[in-house]
Amino acid sequence: MTAIDDNYPVVAEHDGIKIKTEKMITDKLYHCIYDNKVFLFYKDDQSLLHCYEIQHPDAVREIAEKPSELHSILQRYA
């Protein structure tokens, strides 16, 4: 589970992922770690919510250790 801060719109809790779309900035990537997977979310300019799941163990570990490097880690595994 990952909690970034109280204002972060995506939070992994023991019973699942909670998303507050009203707090999301359009086209900004948000992430959380839940069930040993990284979940990526973003809201597009039409207010559609997109979700992606990453299961690669090395990518999950790296993102958990260095969340501020999310984009560069994702680029290496793309």
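Student: What makes Lys37 and Glu53 a salt bridge?

Tutor: The closest N and O atoms of Lys37 and Glu53 are 3.6 Å apart. A salt bridge requires a side-chain nitrogen of Lys or Arg within 4 Å of a carboxyl oxygen of Asp or Glu, so the pair qualifies. Lys37 belongs to strand E4 and Glu53 to strand E5, so the contact ties together parts 16 residues apart in sequence. Helices (H or I, at least four residues) and strands (E, at least two) are DSSP runs, numbered from the N terminus.

Student: On what basis are such values computed?

Tutor: This is a predicted model, in which local features need pLDDT of at least 70 and side-chain atom pairs count only at pLDDT 80 or more, while totals for chains, interfaces and linings use all residues. Residues are numbered from 1 along each chain as its sequence is written, and side-chain values use heavy atoms, with hydrogens and water left out.

Student: Why is Asp35 counted as exposed?

Tutor: Asp35 has 53% relative accessibility. Buried means under 20% relative accessible area, exposed over 50%, and partly exposed in between (1.4 Å probe, protein chains only); Asp35 is therefore exposed. Lys37, at 22%, counts as partly exposed, as does Glu53 at 42%.

Student: What links Asp35, Lys37 and Glu53?

Tutor: A network of salt bridges links them. Asp35 also pairs with Lys37, their closest N and O atoms being 3.9 Å apart.

Student: Which residue forms a salt bridge with Glu62, and is Glu62 buried or exposed?

Tutor: The partner is Arg76, with the closest N and O atoms 2.0 Å apart. Glu62 lies in helix H1 and Arg76 in helix H2 (residues 70-77), so this pair ties together parts 14 residues apart in sequence. Glu62 is buried, because its relative accessible area is 16%, whereas Arg76, at 52%, counts as exposed.

Student: How many salt bridges does a search of the whole structure find?

Tutor: The search finds six.

Student: Why do strands E3 and E5 count as edges of the sheet?

Tutor: The open sheet has three strands in the order E3-E4-E5, with antiparallel pairing. Strand E3 (30-34) and strand E5 (49-54) each have a single partner strand, so one side of each is left without a neighbour in the sheet.

Student: How do you know that E4 and E5 pair?

Tutor: Two strands pair if DSSP finds at least two bridges between them. Strand E4 (residues 37-43) and E5 have six bridges, in the antiparallel sense, so they are paired. Lys43, for instance, has Leu49 in E5 as its bridge partner.
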